[in-house]
Number of protein chains: 4
Amino acid sequence: MTEERYRHEIAHLARVELHTPNPDGTLWFFKDLLGMYETKREGQSVYLRGYEDPYQWSLKVTEGPEARMDHAALRTSSPEALERRIASLREGNLDGAWSDGEFGYGKTYEFDTPDGHKMALLWEVEKYQAPPQLQSKILSRASKKPLQGLPVKRIDHLNLLAREVTPVKESFERHLGMKTHERVVDGDIETGAWMSSSLLSHDVAVMRDARGARGRLHHVAFYYGIQQHTIDAAEMFRDYGIPIEAGPDRHGITQSSFLYVFEPGGNRIELFGDPGFLVLEPDFETRTWTMDQIDTGTAIGGTNLPAETYFTYGTPPIEPIPDIVRR
Amino acid sequence: MTEERYRHEIAHLARVELHTPNPDGTLWFFKDLLGMYETKREGQSVYLRGYEDPYQWSLKVTEGPEARMDHAALRTSSPEALERRIASLREGNLDGAWSDGEFGYGKTYEFDTPDGHKMALLWEVEKYQAPPQLQSKILSRASKKPLQGLPVKRIDHLNLLAREVTPVKESFERHLGMKTHERVVDGDIETGAWMSSSLLSHDVAVMRDARGARGRLHHVAFYYGIQQHTIDAAEMFRDYGIPIEAGPDRHGITQSSFLYVFEPGGNRIELFGDPGFLVLEPDFETRTWTMDQIDTGTAIGGTNLPAETYFTYGTPPIEPIPDIVRR
Amino acid sequence: MTEERYRHEIAHLARVELHTPNPDGTLWFFKDLLGMYETKREGQSVYLRGYEDPYQWSLKVTEGPEARMDHAALRTSSPEALERRIASLREGNLDGAWSDGEFGYGKTYEFDTPDGHKMALLWEVEKYQAPPQLQSKILSRASKKPLQGLPVKRIDHLNLLAREVTPVKESFERHLGMKTHERVVDGDIETGAWMSSSLLSHDVAVMRDARGARGRLHHVAFYYGIQQHTIDAAEMFRDYGIPIEAGPDRHGITQSSFLYVFEPGGNRIELFGDPGFLVLEPDFETRTWTMDQIDTGTAIGGTNLPAETYFTYGTPPIEPIPDIVRR
Amino acid sequence: MTEERYRHEIAHLARVELHTPNPDGTLWFFKDLLGMYETKREGQSVYLRGYEDPYQWSLKVTEGPEARMDHAALRTSSPEALERRIASLREGNLDGAWSDGEFGYGKTYEFDTPDGHKMALLWEVEKYQAPPQLQSKILSRASKKPLQGLPVKRIDHLNLLAREVTPVKESFERHLGMKTHERVVDGDIETGAWMSSSLLSHDVAVMRDARGARGRLHHVAFYYGIQQHTIDAAEMFRDYGIPIEAGPDRHGITQSSFLYVFEPGGNRIELFGDPGFLVLEPDFETRTWTMDQIDTGTAIGGTNLPAETYFTYGTPPIEPIPDIVRR
């Protein structure tokens with residue numbers, strides 16, 4: 001259990017770095033279709049942000065031999081919270097190390113989850129300042145909504161596959177102060193957990209990897225804020241050749257609206273329509289979904305999440321890769 | 001081919017009569033969930049209308065041993081059009097007969113499609129006149145939107161299963177003057193046709209019955225006019241125990257937004273979000289979908305229409321009835 | 001009264017030509033913001049089409065000294081209908097003349113309304129054929145939805161200002177076979193009429209010009225098909241400096257969703273969310289709105305159409321031009 | 001300035017009590033139109049909750065001589081936070097007192113804002129437990145969405161009118177640990193402030209009372225979560241005789257979607273479509289709107305907030321009461 005006063009130490013998911021064997025395709029996906037702004041290009045990497053992302057970048061696309069998540073970084077709610085979280089990680093023998101020098105961010109503490117995902121914590125950021133022609137009249141908007149594709153506002157959350165869900169969940173609870181709002185159990189086995197340190201249903205989720213692998217990515221989600229835009233996005237993806245895995249529909253778990261696709265590099269991306277259930281109760285009791293309830297949990301509408309990909313495919317991929325991803 | 005001047009002889013689908021072995025369940029579905037008004041109750045039948053249906057009823061629910069469509073009636077665009085259509089049906093040896101005395105409608109010409117579906121044509125109707133407390137301030141609205149459930153505006157269209165699509169399609173084209181806007185072919189076999197006499201994508205569709213039966217109903221559709229309402233309806237159906245077959249999503253064929261459910265009597269009902277593509281071109285060329293294009297045809301989003309029900313289940317049902325319908 | 005068999009002679013509004021004193025601004029508006037495709041550029045004119053417009057162009061933008069409509073053309077439902085309509089116009093002494101040679105269209109019959117608006121009728125069109133890279137997987141879609149701005153699907157309707165509504169309305173009824181679905185009266189004076197020859201609420205509307213001028217344009221409307229897109233468009237217009245006159249909201253008259261803006265040349269443009277009420281009844285009685293009902297008629301939501309522009313400003317403009325238009 | 005570690009002490013707005021001189025009308029509004037569940041009736045009061053409100057009630061409607069807010073209560077994020085906030089209030093000489101015995105809540109600390117609004121803080125609540133027939137399959141949902149009217153999910157926020165905004169804002173910042181996310185200034189005068197202790201744009205807002213009165217209510221907001229539902233609600237209100245003041249539209253301030261109406265007792269109620277901007281940055285800088293930017297601040301679409309009511313009418317009302325409220 002987290003002490004109440006450490007419940008708010010993680011502010012939000014700040015950034016993710018994805019590797020792609022198809023950088024041209026991946027950049028076309030994020031820039032031309034999802035309207036993300038490019039803020040820097042260096043070596044084999046391109047830095048991108050949605051029009052409401054507050055920092056220099058939320059997504060770094062790096063050429064690499066296989067699709068995968070390089071790392072994801074959470075921003076703490078204060079510099080002191082960062083120190084406290086690092087101290088807790090060290091107490092838990094989740095060793096890590098400071099790094100520095102990444103574009104747009106200051107010193108960053110890198111550590112591995114018990115399942116081997118590379119995560120990071122940071123406080124220091126460089127706020128994005130729009131040049132005059134990109135400034136929005138809407139003052140809370142970091143830059144104008146671009147006229148390209150169907151622009152996402154910002155990064156939203158991370159969903160990790162793990163050989164075992166429980167140790168990852170517990171380390172996020174114990175060391176980062178996150179709260180598990182919803183979970184799924186299949187008999188004695190915990191197969192999914194949705195966690196945050198705020199009233200969002202989740203900044204991070206962990207789901208059981210049906211292939212038994214460690215440290216893989218299920219998906220990164222980007223936020224529209226309007227459910228209709230996931231419907232518009234599905235039409236765009238359909239006509240521009242991006243394979244749709246499932247949706248648009250609404251999960252019962254978190255009540256959030258979803259659309260899952262595979263970007264041309266092979267990583268699964270979720271387009272997130274609206275946040276769904278906001279957890280206002282400070283003492284909200286974790287909801288546990290059992291297998292007899294899971295139909296509503298996976299989708300409120302008629303979607304059947306495809307067993308041949310949704311619970312087995314992650315990045316880095318394991319052979320055989322489903323045909324739909326290769327399209 | 002229809003002569004141009006007979007292209008507008010059918011105005012719209014006026015009414016459908018459904019049989020149900022579970023009249024209480026069926027009426028709860030249409031009245032409590034879909035907010036239809038009851039306008040009359042007589043014998044084993046209840047007459048219902050949506051709040052924008054212009055006549056006394058668009059749906060008659062009758063208790064019967066099995067779920068099925070009793071008949072459907074199209075209203076012609078004029079009394080003369082009715083006479084011309086009957087003459088054409090008779091020339092085509094699609095014999096029929098006049099009936100009269102149905103609540104809210106005048107004399108009606110009944111005939112069978114080449115596949116055995118009971119259809120009717122009529123001109124004479126009794127317009128619904130709302131009592132003062134049900135009058136809407138919106139003058140084109142026949143009555144106030146009720147405060148019950150998620151009210152449908154009106155009946156929209158009919159989808160028939162046929163052992164052979166082509167003869168039914170051709171009889172609607174030849175004798176009713178309908179135009180086929182879109183069709184599906186599987187090699188040499190025509191497996192679906194969407195037809196109307198107006199700029200709606202379809203008043204009537206015909207699809208191949210994979211069970212090889214004759215004269216069955218695939219679904220009757222009711223109209224919301226707003227796609228979000230199909231999403232709202234899915235949530236309602238989920239929580240109130242109505243089995244969802246597929247959707248909400250949008251068909252590529254007709255570009256219309258759909259949600260398919262089974263009413264408690266067993267008939268498939270479509271909730272129709274918006275009309276999708278309006279056929280403004282008077283010389284629109286029929287679009288023909290082939291099997292390599294059909295994924296986009298069936299759904300623009302991620303929906304896979306379930307093979308175990310969508311292409312095989314109709315009413316009256318043939319054993320074995322899929323579990324989902326019996327729920 | 002129109003004879004029933006001539007009720008369907010006009011298929012739809014095919015094209016409008018607008019003049020603009022600010023062609024760069026006007027083209028930026030239609031191409032960059034509204035995602036229209038340019039199909040030709042010749043002399044002082046640029047030809048544009050929305051991604052579902054079926055012909056070579058629906059909008060011609062021509063540089064000229066003042067904002068105004070050059071002409072609008074309706075397509076008939078058959079070649080014979082065109083002949084019949086011309087014969088009727090001639091009987092009514094609404095003289096006209098054939099022209100030919102316009103890009104993408106064949107011979108065209110030009111005539112003036114009793115109030116002096118330049119209108120045209122035509123049958124011959126050149127269907128737009130998308131090159132391979134612009135072909136959509138959705139077969140009823142004439143071309144892919146572009147990735148630019150918030151693309152409109154197609155042209156929708158025309159709204160004319162007239163010194164006197166009734167003569168214009170009557171000439172459309174008598175000679176074109178249109179039906180007036182809704183009208184507004186202020187005491188003895190008819191101040192608005194919404195007409196079509198199909199089940200659309202209107203292809204053409206006429207409203208009283210409060211400035212007493214003749215032959216002016218109120219607005220041309222372009223179609224989204226999704227109400228949310230009018231909301232998205234309002235946000236885009238706000239941030240990109242296009243003055244919003246009113247909306248998004250829904251009219252009680254026609255039940256259609258609207259957003260009114262001024263393009264940089266000064267013409268009022270409507271973004272049309274969804275078609276609203278579809279007139280399925282073939283003998284629908286014209287609805288007449290009186291001044292005590294007009295609040296609901298003008299808007300179902302909270303919009304007050306601004307008296308200082310909505311009922312007085314049209315193009316060509318009359319001095320003084322309201323500040324909002326000049327922004 | 002609030003110390004960072006006290007930034008999360010207020011969880012959310014738990015409940016509001018409204019007085020009404022027209023209890024039948026007010027209850028019809030909240031129960032029949034907005035689908036709120038009644039959980040208790042006692043004396044002159046009725047207790048209501050939306051289907052996702054987690055406690056026994058979020059709204060208490062009490063008969064009284066004039067429309068006004070009796071009090072509003074915020075729930076703290078822990079029992080310790082409650083103690084700390086009370087200590088701070090006492091240090092600030094904002095004296096208060098404990099009360100107890102209210103249905104569904106434990107001991108409650110009542111205090112007045114510097115402008116005289118009655119506020120309360122509490123930790124102890126009785127969670128609502130749905131009886132079996134009202135349990136939702138969606139586990140985070142406290143009860144089924146009812147089939148009555150257009151149901152709101154829950155209470156959202158409070159907007160207070162104050163003779164002076166700054167002292168009220170500063171007391172919420174200093175003693176409750178709230179953060180001001182956005183504010184409006186008119187020259188030297190602060191005319192509005194939007195505050196929360198979470199990533200919501202606001203749990204409480206304060207706006208300058210143009211009538212110069214103290215301690216009045218501007219509005220209480222209820223949450224739909226879907227913008228379309230504010231559009232649906234506007235249609236319902238229009239046809240069922242509830243006066244619409246403004247909207248549906250979206251504020252630039254907070255980016256939230258709004259609809260303002262007057263309930264039959266005279267209190268202004270906001271229907272809140274979606275939360276708009278979520279303040280993820282822990283060091284988000286307060287945005288300050290000036291008068292030259294305020295058009296976008298008040299509405300992104302075409303809405304002009306009506307000066308004759310929006311900035312001057314609050315409850316309790318001051319004569320003369322605008323006609324629109326009396327309708």
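Predicted model: local features only at pLDDT ≥ 70, side-chain atom pairs only at ≥ 80, totals over all residues.
**Salt bridges inside chains**

I started with E17(B) and K60(B), whose side chains meet in a salt bridge at 3.7 Å, N to O. My cut-off for a salt bridge is a side-chain nitrogen of Lys or Arg within 4 Å of a carboxyl oxygen of Asp or Glu. E17(B) sits in strand 1 of chain B and K60(B) in strand 4 (residues 59-63) of chain B, so the pair ties together parts that are 43 residues apart in sequence. Helices (H or I, at least four residues) and strands (E, at least two) are DSSP runs, numbered from the N terminus. Buried or exposed? E17(B) is buried, and K60(B) is too. Here buried means under 20% relative accessible area, exposed over 50%, and partly exposed in between (1.4 Å probe, protein chains only).

Residues are numbered from 1 along each chain as its sequence is written, chains are lettered from A and ligands numbered from 1 in the order in which they are written, and side-chain values use heavy atoms, with hydrogens and water left out.

Next I looked at D112(D) and K118(D), another salt bridge at 3.7 Å, N to O. D112(D) is partly exposed at 33% relative accessible area, and K118(D) is partly exposed at 45%. I also found E52(A), R141(A), K153(A) and E235(C) joined into one network by salt bridges that share partners. Over all chains, the rule gives 80 salt bridges.

**Chain A against chain D**

How many residues of chain A are in contact with chain D? I get 45 residues of chain A touching 45 of chain D, contact being heavy atoms within 4.5 Å. The two chains bury about 3800 Å² between them, 60% of it on carbon and sulfur atoms. That is the accessible area (1.4 Å probe) that two parts lose on being put together, summed over both. L139(A), S140(A) and L280(A) supply 18% of the area that chain A buries against chain D, more than any other three residues.

Six salt bridges cross this interface by the rule. D283(D) pairs with R75(A) at 2.7 Å, N to O. K127(A) pairs with E281(D), with the closest N and O atoms 2.6 Å apart. K127(A) is in the loop between strand 8 (118-122) and strand 9 (154-162) of chain A, and E281(D) is in the loop between strand 16 (268-272) and strand 17 (287-289) of chain D, so this pair joins two chains. E281(D) is buried, with a relative accessible area of 9%.

**Helix 2 of chain B**

Just after the helix, N93(B) takes a positive phi of about 60°.
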